[in-house]
Amino acid sequence: DKIEQLRKCAGVWKKPGRAWIEVNNKVHEFIVGDKSHPQSDEIDAKLKSLSRQLREDGYMPQLDLVLQPMSDKDKEDALCGHCEKLAIAFGLVSTPRGTLIRATKNLRVCTDCHNATKIISKIEMREIIIRDAYRIHHFKDGVCSCRDYF
């Protein structure tokens, strides 16, 4: 909270997270928390379903990564709205089972999204490749090629 206040006072702007995924020769862009995609309802439903499955598999959202003062439920919703999770959910609902999902992100993947994507790759039986600002992450069977060094 104090960091956010200092940033606002200093006029420092934080670049919003963006992710892109190509499906059927069309590039789809997702911005953190964005609900403007035409398939937003399907994406939200998939994220809710994934959230239940992730918890069953032992995943716990890293609420401490959300710096704004809000309830734990709101923090969990904020994490669920990260752009790479939106892009992955869109890829899952828009491509046949078993299809490789490739997305690009303008910033570094956060720890929460990294951990969630490992489990998503396992429960959905999909390979997921995310290229972020620093490296390429290849998720398969619950493991990432970076060996959690990012």
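Which residues touch the most other members of the largest nonpolar core? The legends below lead from the sheet to that core. The model is predicted, and local features need pLDDT of at least 70, side-chain atom pairs count only at pLDDT 80 or more, and totals for chains, interfaces and linings use all residues. Residues are numbered from 1 along each chain as its sequence is written, and side-chain values use heavy atoms, with hydrogens and water left out.

View 1. Six strands, in the order 2-1-3-4-5-6 and with mixed pairing, form an open sheet. Strands (E, at least two residues) and helices (H or I, at least four residues) are DSSP runs numbered from the N terminus, and two strands pair if DSSP finds at least two bridges between them. Strand 2 (26-31) and strand 6 (143-144) stand at the edges with a single partner strand each, so one side of each is left without a neighbour in the sheet.

**View 2. Strand 1 and its two partners.** Strand 1 runs antiparallel to strand 2, to which six bridges join it, and A19 stands opposite F30 of strand 2. In the hairpin of these strands, which has two residues between them, N24 takes a positive phi near 55 degrees. Strand 1 is also antiparallel to strand 3, with three bridges, and W20 has T104 as its bridge partner there. The covered face of strand 1 has A19, I21 and V23, whereas R18, W20 and E22 are on the uncovered face. In a regular strand the side chains alternate between the two faces of the sheet.

View 3. Four bridges join strand 3 (residues 101-105) to strand 4 (residues 128-131), and the two run parallel; T104 stands opposite R131 in strand 4. Helix 5 (residues 111-123) packs on the sheet, touching strand 4, strand 5 (136-140) and strand 6, and its direction makes about 40 degrees with that of strand 5. Contact means heavy atoms within 4.5 Å, and angles run from 0 to 180 degrees between N-to-C directions of axes fitted to C-alpha atoms, for helices over the stretch in contact.

**View 4. The largest nonpolar core.** Of its 29 residues, I21, F30, I43, I120, I128 and I130 touch the most other members. The largest share of this core, seven residues, comes from helix 4. Such a core is a set of buried (under 20% relative accessible area, 1.4 Å probe, protein chains only) Ala, Val, Leu, Ile, Met, Phe, Trp, Tyr and Cys residues joined through side-chain atoms within 4.5 Å. Not counting residues up to four places away in sequence, I43 touches F30, H37, L86, A89 and F90.

Methods. Buried means under 20% relative accessible area, exposed over 50%, partly exposed in between (1.4 Å probe, protein chains only).
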